[in-house]
Amino acid sequence: MKKISLLFAFVALFATVSFAGTSDTREIKSKPAIDKTIIEPFVAKVCSITATWTNGEGGQSTVTISVTCSTCTTTQQACNQAYALLSLIIPGA
Amino acid sequence: MKKITLISFLIIHITALGQNYLVEYEVLNSNNIIKAELFINDTISLFKIIPNKDAKNFETRIFVKNKIDEKAYFTENIMNVKLFVTDSLNNMRWTLTNDTATILDFSCFSATTTFRGRNYTAFYTQSIQAQDGPWKFGGLPGLILSVKSGDNFIMWKAVKVVSDYSKVPELPIIQKENYISWNDFVLKYRVTIDKFIKMARSNGTLSNEASAKIKLDVVEIFYPELQTGEGIKF
């Protein structure tokens with residue numbers, strides 16, 4: 001009995017040693033790269049323009065046009081629209 | 001015929017002097033002070049803004065009250081378009097109140113009214129028997145020397161009173177124009193704003209991805225959607 005156990009032990013040892021140097025053919029998938037860039041939400045650009053004049057009662061009268069532009073990349077683009085609107089209603093402004 | 005009658009009336013009543021007064025007012029509005037003059041006699045009064053010395057492109061506006069036909073004649077702007085407008089002199093319903101004040105050594109009594117969207121408190125003196133005052137104000141048993149809006153938007157305050165004023169003021173050149181009523185002026189204003197809003201989108205001045213608001217601030221509130229809150233959004 002002792003001889004049979006010893007024989008099995010040798011066989012197991014042999015198998016372990018035999019397979020120790022075998023390359024593992026499993027495909028190890030790499031983990032997806034994490035993009036650490038902070039993405040800020042897009043802020044709509046707002047511009048307000050006011051025209052002022054003195055009225056017949058002596059008071060200051062004003063008209064204000066405000067433009068909110070969701071696709072403008074600069075405030076100046078929103079202001080350009082506001083100026084253009086003001087010129088529509090007060091030509092020469 | 002109406003215009004000829006108006007011209008003749010104004011010429012006759014400016015030259016035939018009775019007891020005339022010249023009152024200088026200061027108009028306080030939005031941290032701004034402007035001087036104005038009110039010429040009064042028995043049948044007409046002329047209210048004129050005096051431009052500041054450094055004012056550029058200032059257009060003189062004269063406000064005429066004809067006490068015989070009980071109408072005011074003046075110019076108004078719809079943005080940069082000038083219109084000639086008439087208005088009734090009897091638009092204000094006053095409530096006499098108990099406050100008193102002394103203005104330029106005149107004892108004054110108080111009264112309140114609500115006129116075109118604003119509440120006003122006036123102080124008038126019975127020492128000057130003219131149911132008159134600055135701009136459209138009048139109808140109290142004495143000359144109004146001070147009037148202020150309850151929201152502090154605007155105030156007119158007399159700073160000088162000259163009695164027996166003999167210098168005849170320059171007659172405003174208004175007789176050739178057609179006058180529209182105040183109600184017609186308000187209608188025209190609404191139409192102008194509506195056209196502007198439609199044009200802003202249709203001709204591409206306002207891009208499809210943008211929105212806009214327009215807000216007007218003037219003394220008389222006659223178009224609440226345009227003049228209160230954030231104005232009109234489009």
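**Chain B meets chain A**

Mentor: In strand 13 of chain B, B:Asp217 is the bridge partner of A:Thr62. This is a predicted model, where local features need pLDDT of at least 70, side-chain atom pairs count only at pLDDT 80 or more, and totals for chains, interfaces and linings use all residues. Residues are numbered from 1 along each chain as its sequence is written.

Trainee: Which strand of chain A joins strand 13 of chain B, and how do they run?

Mentor: Strand 2 (residues 60-69) of chain A does, through 8 bridges, and the two run antiparallel. Strands here are DSSP runs of E, at least two residues, and helices are runs of H or I, at least four, numbered from the N terminus. Two strands pair if DSSP finds at least two bridges between them.

Trainee: How many residues does each chain bring to the contact?

Mentor: Chain B gives 35 residues and chain A gives 26, with contact meaning heavy atoms within 4.5 Å.

Trainee: And what area do they bury?

Mentor: About 2,600 Å², 60% of it on carbon and sulfur atoms. That is accessible area (1.4 Å probe) lost on putting the two parts together, summed over both. On the chain B side, B:Met79, B:Phe196 and B:Thr205 lose the most, together 20% of what that side buries.

Trainee: New topic: how many salt bridges are there between chain B and chain A?

Mentor: The count is 0, taking a salt bridge as a side-chain nitrogen of Lys or Arg within 4 Å of a carboxyl oxygen of Asp or Glu.

Technical notes: Chains are lettered from A and ligands numbered from 1 in the order in which they are written. Side-chain values use heavy atoms; hydrogens and water are left out.
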